[in-house]
Amino acid sequence: MNKVELLAPAGSLDRAILALDYGADAVYVGGKKFSLRARASNFEIEDIRNLCLYAKTLNKKVYVTTNIIPHDNDLDGLDEYLIALESSGVTGIITSSLSIIKRAEEVAPKLERHVSTQMSITNGSTIKFFSSLGVKRVVLARENSMDEIKRIMKETPLEIEAFIHGGMCSSYSGRCVLSNHYTLRDANRGGCAHSCRWNYHLYDGKKRLNEHKRFFNVGSKDLNAGAYIEELIKAGVASLKIEGRMKSAYYLATVVKAYRMLIDHYYEKCSIDKKTLEEFNIEIRKAENRDTGIGFYNGITTINEQLYDQRTEEPTKEFVGYVLSYNDETHEALIEQRNYFIPGDTLEAFGPHLNNSRFIVGEIIDFETKEVLDAARHPLQKLIIKTDIKLKEKDMLRKVFK
Amino acid sequence: MKLFVELNDIKDLKYYKGSNIIGVIVGLNNISLKNEKLSLDDFNNLINNKGDLKIIVDCERLFSDEDLDKNIQFINSILKDIDYLTFSDFGLYENIIDKTKLIYRAPTYLTNTADVKTYMKLFNLVVISSEISKNELLVIDNNIDSNHIIDIFGMNQIFYSRRPLITNYFKYRMMDNDPYKDSYLVREDTRSDKNHIKEDETGTHIYESFYYKLDEELIKLKADYGFIHVPFMKSCDIRKVIKAYNEFYNDFDVTKLNDKLENIKTYKGAYDIESVLRKGDNNE
């Protein structure tokens, strides 16, 4: 059996490269057209080509989403786009349109065709249906429990991809038009306004049942399926997918590295022990800005999977710097500031090849003016700090809060 | 265009008549998405008393493997007594013994000509999405053979979740209300319109706020069949809808059609939006 693929999202070229560097086996990205997450789709064909060249050097893969549910006008330029993707070295497309699957087979046959979670696949018979359409892989609906996935895996003729982390729709994907009706923003063409996360009042006829400000909520916690990685790998799932093409570089690096650690631990020890899982969850929490749960992995969701009385997106202030270079002789690191920190703060460095390593900040020097600063307070400011830890470009620094 | 109308209560069967009303659409427990469902006794009563009416059973829910195990035998057993079955789960298609009776219907998916044509090659009949503008509908209808179906009146589910959201909410708030009642509504905090919300064994469903309807567009559409959906509607209003559309297809008088529907709050729904804007589109 092939090793499971860790599949990460990326909303830009530099984040895609970062995800690959931090341990993803593959990335999925969206182009300017045909893709959900319209705001995250910053990839021109040239970007995709460059990404594929980079991925090839690491023996890794690139998938491109063409997963909108298109209207007639959206399909202009499809053939040219598919041909360009194929010639760029893209491994496959992820789509929710049967006509795009068919067209890709006709004009760009080397592209693998993967069926998107937007098709809400919840049983093995649907997978058999898709196997007759020349599809290579399906992305399961997030509504499948672990037991249901195991049953699907027993008879599937296709590769299976399952979500393990990130945002969850409350509705079956592809079947929700709440955003369309409330805001005119099409949830199935990249414009979802996340209406499921808003506050609602519940009525029984004319009588309101919820007390004022104690709203009826339908929004879901994010998914963290770390506890199910061992079972998913044992079941034979081909790809473990992280959601989040709009997420920051810091989030991506933290989450990808944490899952990489977990997956590698499984393959080394043939199991994941409680201590390793706890370490994983400690790492993951450093990036999370929303409450997480296990989604449907344990069966039909309970109150533990819902967001009530809370809007818990808190921008994480942990991420403080991005390493641009390190001088082995002077032990000086050139960093780009991302959040406030001061001399005396304890920072934790981590990177693609660097396990968590802590140090206390000494002097902070402005790279341009050489002035000694009392604090690192300006975003993107270039600073010099000293540390004995051998940092590398692309390593990251986060603050350790007491 | 010949019309199928949802039948919510077997007692109303006698009103489903007219030269243009050729059938009923019914829901059954555990397999349908439709809100109102017939008991098995009522369903058998319908089969025995349908006269010339055709019967479509709504089988549009999503199924897990276990759901299919539990229900597929029953679904296959009723095929001989019905004319069609609407579905949206390809897994159901794989397990149905008579695929000629299948109609694909999932209001969010068949939104472009290419997909409609692709689905029409795979399945006997399809229903074009009602979550597109009327101009888009006219284009698709014009580009394909007439052997397809259009939703001409209804109230779509705009949210379909596997989560038991009402049950969970009552549990969280420690309320002992019955989560499966028909009478629940939700209202977004900053808005005034309410939406029906219904939880059942298939999950939680939220409906759009009003009934959508097509009227003048019907004159240009060449589809052979139209569906009329009437969730949560009182019997007296259902009769008005049946009469209005049946007579419309005799005289094609749009003014009379709308006069007959005057007391029912309707709008054009998604059909009336020129394009549903994506994030980043210019809103001018």
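# Exercises on loops, helices and strands

In chain A, K370(A) sits in the loop between strand 17 (364-366) and strand 18 (372-373). The model you are looking at is predicted. Let's start with this loop residue.

**Exercise 1. What is the phi of K370(A), and is the residue buried or exposed?**

Solution. 
- Step 1: Phi of K370(A) is near 65°, which is a positive value in a residue other than glycine.
- Step 2: The relative accessible area of K370(A) is 52%. Exposed means over 50%, so K370(A) is exposed.

**Exercise 2. Where does N30(B) lie, and how does its relative accessibility class it?**

Solution. 
- Step 1: Look in chain B at the loop between strand 2 (21-27) and helix 1 (40-49); this is where N30(B) lies.
- Step 2: N30(B) is not a glycine, yet its phi is positive, about 75°.
- Step 3: With 35% relative accessibility, N30(B) counts as partly exposed.

**Exercise 3. Which word describes the pair helix 2 and helix 3 of chain A: parallel or antiparallel?**

Solution. 
- Step 1: Find helix 2 (residues 45-57) of chain A and helix 3 of chain A; they pack at an angle of about 25°, and their axes are 9 Å apart.
- Step 2: Angles under 35 degrees count as roughly parallel, so helix 2 and helix 3 of chain A are roughly parallel to each other.
- Step 3: On the helix 2 side, the contact is made by I45(A), I48(A), R49(A) and C52(A); on the helix 3 side, by Y81(A), A84(A), L85(A), S87(A) and S88(A).
- Step 4: Sorted by class, the residues of this contact between helix 2 and helix 3 of chain A are 6 nonpolar, 2 polar and 1 charged.

**Exercise 4. At what angle do helix 3 and helix 4 of chain A pack, and which residues meet?**

Solution. 
- Step 1: Helix 3 (residues 78-88) and helix 4 (residues 98-107) of chain A pack at about 60°, with axes 10 Å apart.
- Step 2: This angle makes helix 3 of chain A oblique to helix 4 of chain A.
- Step 3: As helix 3 of chain A passes helix 4 of chain A, the crossing is right-handed.
- Step 4: From helix 3 of chain A come L78(A), D79(A), L82(A), I83(A) and E86(A); they meet I100(A), R103(A), A104(A) and V107(A) of helix 4 of chain A.
- Step 5: The residues of this contact between helix 3 and helix 4 of chain A are 6 nonpolar, no polar and 3 charged.

**Exercise 5. Which strands of chain A pair with strand 3 of chain A?**

Solution. 
- Step 1: Strand 2 (residues 26-30) of chain A pairs with strand 3 of chain A in the parallel sense over 5 bridges. Y28(A) has Y63(A) in strand 3 of chain A as its bridge partner.
- Step 2: Strand 4 (residues 92-95) of chain A also pairs with strand 3 of chain A in the parallel sense, over 4 bridges. Here the bridge partner of Y63(A) is G92(A).
- Step 3: Strand 3 (residues 61-66) of chain A is mostly covered, as 5 of its 6 residues are buried.

How values were computed:
Residues are numbered from 1 along each chain as its sequence is written. Chains are lettered from A and ligands numbered from 1 in the order in which they are written. This is a predicted model: local features need pLDDT of at least 70, side-chain atom pairs count only at pLDDT 80 or more; totals for chains, interfaces and linings use all residues. Side-chain values use heavy atoms; hydrogens and water are left out. Axes are lines fitted to C-alpha atoms, for helices over the stretch in contact, and angles run from 0 to 180 degrees between N-to-C directions. Helices (H or I, at least four residues) and strands (E, at least two) are DSSP runs, numbered from the N terminus. Angles under 35 degrees count as roughly parallel, over 145 as roughly antiparallel, 65 to 115 as roughly perpendicular and the rest as oblique. A crossing is left-handed if the near helix is turned anticlockwise from the far one by less than a right angle, and right-handed if clockwise. Contact means heavy atoms within 4.5 Å. Ala, Val, Leu, Ile, Met, Phe, Trp, Tyr, Cys and Pro count as nonpolar, Asp, Glu, Lys and Arg as charged, and the others, Gly among them, as polar. Buried means under 20% relative accessible area, exposed over 50%, partly exposed in between (1.4 Å probe, protein chains only). Two strands pair if DSSP finds at least two bridges between them.
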